[in-house]
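I opened this model to look up ring pairs, sulfur links, sheets and core packing. My notes follow the order in which I checked them.

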Amino acid sequence: MPGRDHGDKTHGIWPQVWSQHAPNIQSWEYKVNCGEASSHTDHCFLSDMTSVAVTTPSGGVIELEKDFNTNEFSGEITRRWVLYGPADGDLPAKGDYVFSYSQGAELVYEQVIPYDSGVVSYPTEVEWKRDGRDIVVKWYPPAEASKYMHYQAMIFQLEDTPEVFISNVFNWDVDTAVLRDVPLIVGGRYSLNVGIYFEDGYAYSEYVIFDWPEPGDTGY
């Protein structure tokens with residue numbers, strides 16, 4: 001059994017127990033990632049697994065889902081197994097979480113991860129404007145924002161707008177960000193939020209719903 005430090009990278013992987021915190025939402029996220037790669041098709045320890053499960057401190061067993069992909073907008077490469085809890089769920093309980101890795105019926109490996117963390121407040125007063133082909137996003141930072149945290153702005157399509165997912169990461173000490181050359185269509189309906197990420201979770205703003213306007217700086 002490996003050491004019990006958060007982020008143990010035996011086999012080039014590291015499991016994480018995260019809290020989710022947002023307006024009227026609290027929940028959990030369990031995931032395990034491979035290391036960096038040039039493509040999500042690059043082989044790693046998780047590639048060969050047929051199931052990854054998490055046993056919680058209360059004895060519940062949660063099956064994770066495989067998620068290997070590349071974000072078309074940012075180029076971010078994802079190689080992980082993950083599951084998000086329900087919006088009306090609970091924050092992770094403090095205690096030990098066991099990540100179990102299996103190939104078929106064979107248990108290949110296990111890691112034990114301790115979790116003992118609080119939550120961070122979420123960004124507020126999120127606003128946006130169109131500036132040419134870019135979208136400029138600003139927000140009011142949470143009081144707890146500090147070094148080793150980072151922000152992530154995300155945009156999703158809504159209703160019958162063609163599918164798109166835009167995501168970009170920004171430093172912890174900013175309150176304005178520019179997502180450049182976004183592939184949004186005039187008249188399309190979208191949802192925007194800004195999250196702050198820390199070692200043991202993330203907290204994200206309310207969703208801002210907007211219609212992408214004609215070219216021109218629309219102002220906040």
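These entries go from aromatic rings to the disulfide, then to strands and the core.

**Entry 1: aromatic pairs**

I note at the start that this is a predicted model. I began with the rings and got a count of 17 aromatic pairs. I then opened the pair W28 and Y30. Their ring centres are 4.4 Å apart and their planes meet at 10°. Stacked requires planes under 30 degrees apart, so W28 and Y30 make a stacked pair. I also looked up burial for both residues. W28 has 14% relative accessibility and counts as buried. Y30 has 4% and counts as buried too.

Next I took W139 and Y151. Here the centres are 4.9 Å apart and the planes are at 55°, a tilted pair. Where do W139 and Y151 lie? I found W139 in strand β10, residues 134–140, and Y151 in strand β11, residues 150–157. The pair therefore ties together parts that are 12 residues apart in sequence.

W18, Y197, Y202, Y204 and Y207 are linked into a cluster by ring pairs.

**Entry 2: the disulfide**

How many disulfides does the model have? I counted one. It joins C34 and C44, with the sulfur atoms 1.9 Å apart. I looked up the torsion about the S-S bond of C34 and C44. The value is about 55°, so the disulfide is right-handed. C34 sits in strand β2, residues 25–34, while C44 is in the loop between β2 and β3 (51–55). The two cysteines are 10 residues apart, and I logged the bond as a link between distant parts of the chain.

Are C34 and C44 buried or exposed? The cut-off for buried is under 20% relative accessible area. C34 is at 5%, so I marked C34 as buried. C44 is at 10%, so C44 is buried as well.

**Entry 3: the β5–β6 hairpin**

I moved to strand β5 (residues 65–70) and strand β6 (residues 77–84). They pair in the antiparallel sense over six bridges. The two strands form a hairpin with six residues between them. In the turn, G75 has a positive phi of about 80°.

I followed K66 separately. Its bridge partner in β6 is W81. K66 also lies over the face of F68, at 5.0 Å from the ring centre.

**Entry 4: an open sheet**

I then traced an open sheet of three strands, in the order β9-β10-β13, with antiparallel pairing. Which strands are at the edges? I found β9 (124–131) and β13 (176–179), each pairing on one side only. The twist averages 20° from one strand to the next. I looked at β10 with β13 and found four bridges, in the antiparallel sense. One detail I kept: K138 has T176 in β13 as its bridge partner.

**Entry 5: the core**

The largest nonpolar core holds 27 residues. Those with the most contacts inside it are I135, I155, L179, L184 and F210. At least two residues come from each of β9, β10, β11, β12 (165–171), β13, β14 (189–198) and β16 (208–211). β14 gives the most to this core, with five residues.

Technical notes. Residues numbered from 1 in each chain as written. Predicted model: local features only at pLDDT ≥ 70, side-chain atom pairs only at ≥ 80, totals over all residues. Heavy atoms only, no water. Phe/Tyr/Trp six-rings, centres within 6.5 Å; stacked < 30°, edge-to-face > 60°. Buried < 20%, exposed > 50% of the residue type's maximum accessible area, 1.4 Å probe, protein only. Lys NZ or Arg CZ within 6 Å of the ring centre and 35° of its normal. Disulfide = S-S within 2.5 Å. Pairing = 2+ DSSP bridges. Axes fitted to C-alpha atoms, helices over the stretch in contact; angles between N-to-C directions. Core = buried A, V, L, I, M, F, W, Y, C linked by side-chain atoms within 4.5 Å.
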